[in-house]
Amino acid sequence: MAKFKAPVIKNQEFEAEVVDLTYQGMGVVKFEDFPVFVVDAIPGEVVRVGITKVQTNFAFGRVIKRLKESDDRNHNVDQATLTTGIAPLANLTYAAQLRFKQNQIEQLFKKMHIDVPVNETIGMENPIGYRNKAQVPVRTVRGELTTGFYRRNSHILVPIEDYYIQDPEIDKAIVVIRDLMRRYQLDAYDEATHSGEIRTVMVRRGYYSHEMMVVIVTRRNKLPVAELLIEGIKQALPEVKSIIQNVNSEKTNVILGKTNKTLWGADYISDTLFGKTFEIGPMSFYQVNPQTTEVLYGLAVEKAALTGDEMVIDAYSGIGTISLSVADKVKEVIGVEIVPGAVADAKRNAKINGIDNVKFELGKAEEKMVEWQAADVKPDVIFVDPPRKGLTPELITAATEMQPKKIVYISCNPATLARDAAQLIESGYQIDGAVQPIDQFPQTTHIESVTVFLKK
Ligand code: SAH
């Protein structure tokens, strides 16, 4: 059989209308039916495209000239932001982003032949500056230690001071720390030669508490001029409650190493969610958009319509955010989580808040669920908040055989949600009302939603 040959070649140029947007936020144009994915091109726009890379079944391109512009284009974002991977949907107006997310979910359910309404995406009032955590690479650019963000699909650092979606106080702190590092002539890490000192600066800031933690990730144990650096950070950033050095001597893309040393102040910062206190260490997972997390979990809890007598399972319990926020509305909660550190955080968080009707178990949700079912555990409500890969068939079987009245599914990936919904429906459950998207990550392609499955 003759090998299929792409109808375009690198550097070829042509004009076309953008007909679609991929789930990664790239514009789709066609050259004789052959799809070309184009960065920063919006449906309805007409563009002159230059082919940058050709694969067997598709190609990539860039906009050489925009001949017709869409009304959905957002002009209030600077080019540096768009060239990095930090805010891939920022070229769309916020209203268009919300429609895009709702539409993605609709399409995925349609593909699974599930007929269900999808509500309008609940958005943020002010969809920028929301992230409570930043991890920025530190590299040498034109001979100078620089902080910023990687250009899309690369490890080339674009210098940035305004990160658009991070808490502006965090952005300011990063500039202060960068300037101190310049002043004391610290060496930025060099990936190619695995040399230099400073790899990453991570900053977290409590949304309610305003407590800040600075984590400096270094290649070696020794952090030169640590004393001066600490003094400078304390002076310039009074919100800082904790300065930590994390050592990562590996040649890896993984940001944090295993060793943490508290250079100054506390080992944790705290923040609140639903009025409950959470202690957050350098390695802890904590939701990065505290404002919408309250909306998301608040909605999940509201949709569960708890009466106070329920036995609840929180599968994928993480640091216990869902368990602890429902604890005072139910009889008891059991959480299961695979990461030991998260289970330890969850237990500590329960204790700090004086909550004693929750239990956290370490393990795989899919295995624990089967054990519980075998032990005849009878949950009234099961919350699932799985990672992107969604649930396993075994977990769904075990969960539905326990016959809870409700399964509340919090999803960060509509593709696996729609797949799992099909099995849940086959197993005797039906969707209550509509799927509700909530924009946890404005300006990015991430899509969160809550769906309630009721026992038929
Ligand atoms: N609601 C939680 C976060 C859920 S994120 C919170 O706010 O803290 C998904 C969680 O599932 C992560 O904590 C991840 O470590 C955990 N996880 C991933 N695979 C798992 C599995 N097979 N069994 C149990 N937990 C798992």
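**View 1. Helices α3 and α4 cross in a right-handed manner in this predicted model.** A crossing counts as right-handed if the near helix is turned clockwise from the far one by less than a right angle, and as left-handed if anticlockwise. Here, helix α3 spans residues 168-183 and helix α4 residues 226-236; their axes come within 10 Å and cross at roughly 145°. Axes are lines fitted to C-alpha atoms, for helices over the stretch in contact, with angles running from 0 to 180 degrees between N-to-C directions. Helices themselves are DSSP runs (H or I, at least four residues), numbered from the N terminus. From α3, look for V176, I177, L180 and M181, which touch L229, G232, I233 and A236 of α4; contact means heavy atoms within 4.5 Å. Seven of these residues are nonpolar, one is polar and none is charged. In this scheme Ala, Val, Leu, Ile, Met, Phe, Trp, Tyr, Cys and Pro are nonpolar, Asp, Glu, Lys and Arg are charged, and the others, Gly among them, are polar.

A quick word on the model: residues are numbered from 1 along each chain as its sequence is written, and side-chain values use heavy atoms, leaving out hydrogens and water. Since the model is predicted, local features need pLDDT of at least 70 and side-chain atom pairs count only at pLDDT 80 or more, while totals for chains, interfaces and linings use all residues.

**View 2. Helix α2 passes α10 in a right-handed crossing.** The axes of α2 (residues 94-111) and α10 (residues 414-426) come within 9 Å, crossing at roughly 35°. I105, L108 and F109 of α2 meet P414, A415, L417, A418 and A421 of α10. By class, this contact has eight nonpolar residues, with no polar and no charged ones.

**View 3. Helix α9 also packs with α10.** Helix α9 covers residues 393-401, and the two axes are 10 Å apart at an angle of about 35°. The crossing is right-handed. On the α9 side you will find P393, I396, T397 and T400, meeting D420, Q423 and L424 of α10. Three of the contact residues are nonpolar, three polar and one charged.

**View 4. The ligand is surrounded by 18 residues.** The closest are T321, E337, A365, E366 and D385; a residue belongs here if one of its heavy atoms lies within 4 Å of the ligand. Both α6 (321-326) and α8 (365-374) supply at least two residues of this shell, which divides into nine nonpolar, five polar and four charged residues.

**View 5. E337 and E366 each place a polar side-chain atom by the ligand.**

Technical notes
Polar contact = N/O pair within 3.5 Å; in protein donor to acceptor, adjacent residues only side chain to side chain.
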